[in-house]
Structures are given as C-alpha cells and as structure tokens.
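Subject: Structure for you to look at

Hi,

Here is the structure I promised to pass on. Please open it first, then read my notes below.

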Amino acid sequence: MKSWSPYALLVVVAIALDQWIKQLAENGLAFQEKVDLLPFLALFRTYNTGIAFSMFSSFGDTGLVVIAALVVAFVLYLAVRTPAGHVIARIGFALIVGGALGNLIDRAVYGHVIDYILFHTPVWSFAVFNLADAFISVGAALVVFDELIGWRRETKPQDPSN
C-alpha cells in the first residue's frame with residue numbers, strides 16, 4: 001500500500017491555507033462590502049450559517065458539525081478503499097477532507113463559515129464561497145474524473161492475440 005503521508009500533508013496544507021486566508025479576509029475586509037477585483041470577481045466577506053449555499057441552517061451549529069464530521073468520515077472511508085494506483089482520486093479525497101475540515105473548524109469556533117469570494121455580473125451573482133469550498137469542488141471533480149478514467153480503461157476491448 002502506498003504511503004498516505006503525501007495525502008495527509010495535502011489535507012494539512014489545505015486546512016492551513018484556508019484558515020490563513022479566512023483570517024486575512026476576516027481582519028482585512030469590511031463585512032458585506034463588495035471590493036471589486038475584476039468586472040466579474042469581487043471580495044465580499046459574509047457568513048454562511050448553513051452548508052452549501054446556506055442549506056440546512058435550521059440544523060444549528062451542533063447538527064451541522066455532526067453532519068460535516070459524518071461526511072468527512074465517509075470520504076475517509078472511500079479514500080481508504082481506493083486502490084493505491086488511483087492517485088487522482090486520492091488527491092481529490094484529500095482536497096475534499098481538507099476543505100470540509102477547514103469549514104468545520106469555522107463552524108465549531110465561530111458558529112458560521114467565513115465566505116469571501118463572489119463571482120458576479122451586473123444582473124447575477126453566484127453564491128459567496130471560500131477556498132475550502134473550492135477545494136471540495138475541485139476534489140469532487142478529481143474523484144469523478146478518476147472514476148471516468150477507470151471506467152474507460154475497463155471498457156476498452158481486449159486484444160484478441162493475448
């Protein structure tokens with residue numbers, strides 16, 4: 001079995017980077033005041049009291065911490081069952097766990113998650129999110145990508161001369 005050290009290090013780096021940037025946003029950005037960086041990108045510090053686009057905010061802090069911990073446990077279970085050769089999936093799982101733990105730390109410490117990235121147009125805006133959310137999304141995409149690669153390998157016709 002290939003060592004889990006690189007993946008554990010990726011989780012730690014993701015958490016540390018997420019928490020560091022959230023502290024910069026918390027200390028350097030006014031609450032709910034848009035700071036345009038590009039015509040479609042702004043910094044906008046706000047708080048998310050739910051999970052993923054503020055869903056389940058009625059569950060309260062304890063309920064959301066429990067849900068997040070269960071999700072992390074499930075993702076770790078999937079990661080452990082992933083063969084060593086599936087490096088892309090393992091990187092994806094590490095990013096998901098790092099992002100989820102980064103947001104879990106916020107929720108446990110502050111009772112909300114600090115969000116600060118806003119994609120927008122003059123008539124539309126995407127939900128405000130943070131680096132941990134990006135890690136979770138990219139990680140999920142990597143896991144799906146790895147599954148597609150595996151599926152393509154399995155469905156290739158075998159060479160009849162073998």
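Start with the core. The largest nonpolar core has 13 residues, and Val11, Val75, Phe93, Ile96 and Val97 touch the most other members. A nonpolar core here is a set of buried Ala, Val, Leu, Ile, Met, Phe, Trp, Tyr and Cys residues joined through side-chain atoms within 4.5 Å. Buried means under 20% relative accessible area, exposed over 50%, and partly exposed in between, with a 1.4 Å probe and protein chains only. Helices α1, α2 (60–81) and α3 are the elements that give two or more residues to this core. The largest share, six residues, comes from α3. Val75 touches Phe93, Ile96 and Val97, leaving aside residues up to four places away in sequence. Another core lies apart from this one; it has eleven residues, among them Leu95, Ile117, Leu131 and Phe135. As background, nonpolar side chains tend to be buried together in soluble globular proteins.

A word on the basis. This is a predicted model: local features need pLDDT of at least 70, side-chain atom pairs count only at pLDDT 80 or more, and totals for chains, interfaces and linings use all residues. Residues are numbered from 1 along each chain as its sequence is written, and side-chain values use heavy atoms, with hydrogens and water left out.

Now the overall layout. The protein chain has four helices and three strands. From the N terminus on, the elements run α-β-β-α-α-β-α. Helices (H or I, at least four residues) and strands (E, at least two) are DSSP runs, numbered from the N terminus. Buried residues make up 35% of the 162 residues in the chain. Take contacts between residues at least 6 apart in sequence: 65% of them join residues at least 24 apart. Contact means heavy atoms within 4.5 Å.

Next, the sheet. It is open, with three strands in the order β1-β2-β3 and antiparallel pairing. Strands β1 (35–38) and β3 stand at the edges with a single partner strand each, so one side of each has no neighbour in the sheet. The twist averages 35 degrees from one strand to the next. Strand β2 (residues 41–48) pairs with β3 over six bridges, in the antiparallel sense. Two strands pair if DSSP finds at least two bridges between them. Asn48 has Val113 in β3 as its bridge partner.

Two helices pack on this sheet. Helix α1 (residues 5–28) touches β2 and β3, and its direction makes about 80 degrees with that of β3. Helix α3 also touches β2 and β3, at about 130 degrees to the direction of β3. For these angles, axes are lines fitted to C-alpha atoms, for helices over the stretch in contact, and angles run from 0 to 180 degrees between N-to-C directions.

Just after α3, Gly111 takes a positive phi of about 85 degrees.

On to charges. The count comes to four salt bridges. A salt bridge is a side-chain nitrogen of Lys or Arg within 4 Å of a carboxyl oxygen of Asp or Glu. Which residues form a network? Asp18, Lys22 and Asp106 are linked in one.

- Asp18 and Lys22 meet at 3.0 Å, N to O. Both lie in helix α1, four residues apart, about one turn of the helix.
- Asp106 lies in α3 and Lys22 in α1, so the pair ties together parts 84 residues apart in sequence. Asp106 is buried.
- Arg45 and Glu26 meet at 3.3 Å, N to O. Arg45 is in strand β2 and Glu26 in helix α1, 19 residues apart. Arg45 counts as buried at 8% relative accessibility, whereas Glu26 is partly exposed at 23%.

Last, a loop. Pro122 is found between β3 (113–119) and α4 (131–154). Is Pro122 buried or exposed? Pro122 is exposed, with a relative accessible area of 86%. Pro122 and Pro39 are 83 residues apart in sequence and 8.8 Å apart in space, C-alpha to C-alpha.

Best wishes
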